[in-house]
Amino acid sequence: MIFSRFLIALGLIAAAPAYADDGRAGGKLLLTDGITTVEGAAGGGIATWAVIAGNETNRGIGGSAHATLVALPDFSLKSFGAAIGIHDRVELSYTRHVFDTRDAGAALGLGKGFTFGQDVFGAKVRLLGDAIWAQDSWVPQVAVGVQYKDANRDAVVRAVGARQDKGADIYVAATKLILSQSAILNATVRFTKANQWGLLGFGGDKQSSRTAQFEGSAGVMLSPSIVVGAEYRTKPDNLGFAEEDDSFDVFAAWAVHRNVTVTAAYADLGDIATVKNQRGLFLSLQGAF
């Protein structure tokens, strides 16, 4: 019910007349549409930002597609999907997750190479501000969004203590690019009950309702086509069988071409399902128009 009401609200906002700023032709500055997060929204890798996917401004429709690999010592996560940005106001996205337990699957009693899958459907609306062009103001670009996640291992996620195999995150994000310092900052508050991004279901024996979690990003643009930075993301700890840790990464994104961005990061996802120290390489290839 909450999800359906939120979508109605998004639709009403999207249908409203565009605010009366000047239209801009020619597309966004490089990298100012962010990169695709593992959950499919425009952002910084593990944190969602207020920016809208695609290169187009409020005069057009843009989009992006991505393929991402997170290679950890005992697991791997593949993510691929696409997003569309409508007049730099509304973003709609879809991402598919494939989480491979590899050898750890046998140790966990699931079987070697056991995989979890998840579909993530996202919608984001920019409410106010302009992260890039409003340099005479400290007001950030602010957006609200929702991500509906549907995991495919109902029996397994319930066996480990999750309450549901599907659920929705709701978030508010604020993003600001400070051109004079070549710095980009973001803060997001996410209301979620997802376990390990939803791959292990939603809610649990320790906590069954949504809690507020924080996502923070800070980056520096070394040149118009390269940005480096770091992110930190807190996560709920709902399941009694395995403590869930916060995550962080340090990343570098390179706009190889106007339409192509490559991102590499060192990501620390902490312990996953009792398996310690899951730290590894994050690689993402994104095409955008």
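A residue counts as buried when its relative accessible area is under 20%. F99, with a relative accessible area of 9%, is therefore buried. Keep that cut-off in mind as we walk through this structure, which is a predicted model.

## Aromatic rings

Let us start with the rings. A pair of aromatic rings is described by the distance of the centres and the angle of the planes. The structure holds 4 aromatic pairs. In one of them, the ring centres of F75 and F99 are 5.1 Å apart and the planes stand at 25°, so this pair is stacked. F75 sits in the loop between β3 (61-71) and β4 (76-86), while F99 belongs to strand β5 (residues 90-100), so the pair ties together parts that are 24 residues apart in sequence. Like F99, F75 is buried: the relative accessible area of F75 is 1%, and that of F99 is 9%.

F114 and F116 make another aromatic pair, this one edge-to-face, with 5.2 Å from centre to centre and 75° between the planes. F114 is buried at a relative accessible area of 15%, and F116 is buried at 5%. F75, F99, F114 and F116 form one aromatic cluster.

## A histidine in strand β5

Strand β5 also holds H97. Is H97 buried or exposed? With 1% relative accessibility, H97 counts as buried. A polar atom of the H97 side chain lies 2.5 Å from the backbone oxygen of V38. Leaving aside residues up to four places away in sequence, H97 touches a list of residues that includes V38, E39, L77, F116 and L199.

## Salt bridges

Side chains of opposite charge can pair when their charged atoms come close. The structure holds 18 salt bridges. Three of them are listed here.

| Salt bridge | N to O distance |
|---|---|
| E39 and K149 | 2.7 Å |
| E39 and R233 | 2.8 Å |
| D169 and K149 | 2.8 Å |

Which parts of the chain do these bridges connect? E39 forms a salt bridge with K149. E39 lies in the loop between β1 (35-36) and β2 (42-43) and K149 in strand β7 (residues 141-151), so this bridge ties together parts that are 110 residues apart in sequence.

E39 also meets R233 in a salt bridge. Because R233 is in strand β11 (residues 226-233) and E39 in the loop between β1 and β2, that pair links parts 194 residues apart in sequence.

K149, in turn, meets D169 in a salt bridge. D169 lies in strand β8 (residues 166-178) and K149 in strand β7, so the two bring together parts that are 20 residues apart in sequence.

Together with R190 and E215, the residues E39, K149, D169 and R233 are linked in a network of salt bridges.

## A glutamine in a loop

Next comes Q196, found in the loop between β9 (183-192) and β10. At 6% relative accessibility, Q196 counts as buried. Which residues does Q196 touch, not counting residues up to four places away in sequence? They are K235, E244, D271 and I272. With K235, the side chain of Q196 makes a polar contact of 3.4 Å. Q196 and L269 are 73 residues apart along the chain, and their C-alpha atoms are separated by 9.3 Å.

## Two positive phi angles

H87 has a phi near 55°, a positive value in a residue other than glycine. H87 is placed in the loop between β4 and β5 and is partly exposed, with a relative accessible area of 37%. R102 has a phi near 45°, also positive in a residue other than glycine. R102 lies in the loop between β5 and α2 (104-107), and at 29% relative accessibility it counts as partly exposed.

## A nonpolar patch on the surface

We finish at the surface. V220, L222, I226, W254, V256, V262 and L285 form a nonpolar patch there, with about 610 Å² of accessible area together. Strands β10 (211-223) and β12 (247-257) each supply at least two residues of the patch. W254 is placed in strand β12, and at 46% relative accessibility W254 counts as partly exposed.

Terms used. Residues are numbered from 1 along each chain as its sequence is written. This is a predicted model: local features need pLDDT of at least 70, side-chain atom pairs count only at pLDDT 80 or more; totals for chains, interfaces and linings use all residues. Side-chain values use heavy atoms; hydrogens and water are left out. Patches are made of residues with over 30% relative accessible area and no salt bridge: like charges are joined within 9 Å, nonpolar side chains (Val, Leu, Ile, Met, Phe, Trp, Tyr) within 5 Å. Accessible areas come from the Shrake-Rupley method with a 1.4 Å probe; for residues, only the protein chains shown count as cover. A salt bridge is a side-chain nitrogen of Lys or Arg within 4 Å of a carboxyl oxygen of Asp or Glu. Helices (H or I, at least four residues) and strands (E, at least two) are DSSP runs, numbered from the N terminus. Buried means under 20% relative accessible area, exposed over 50%, partly exposed in between (1.4 Å probe, protein chains only). Contact means heavy atoms within 4.5 Å. A polar contact is a pair of N or O atoms within 3.5 Å; within protein, one must be able to donate a hydrogen and the other to accept it, and residues adjacent in sequence count only if both atoms are side-chain atoms. Rings of Phe, Tyr and Trp (its six-membered ring) pair if their centres lie within 6.5 Å; planes under 30 degrees apart count as stacked, over 60 as edge-to-face and the rest as tilted.
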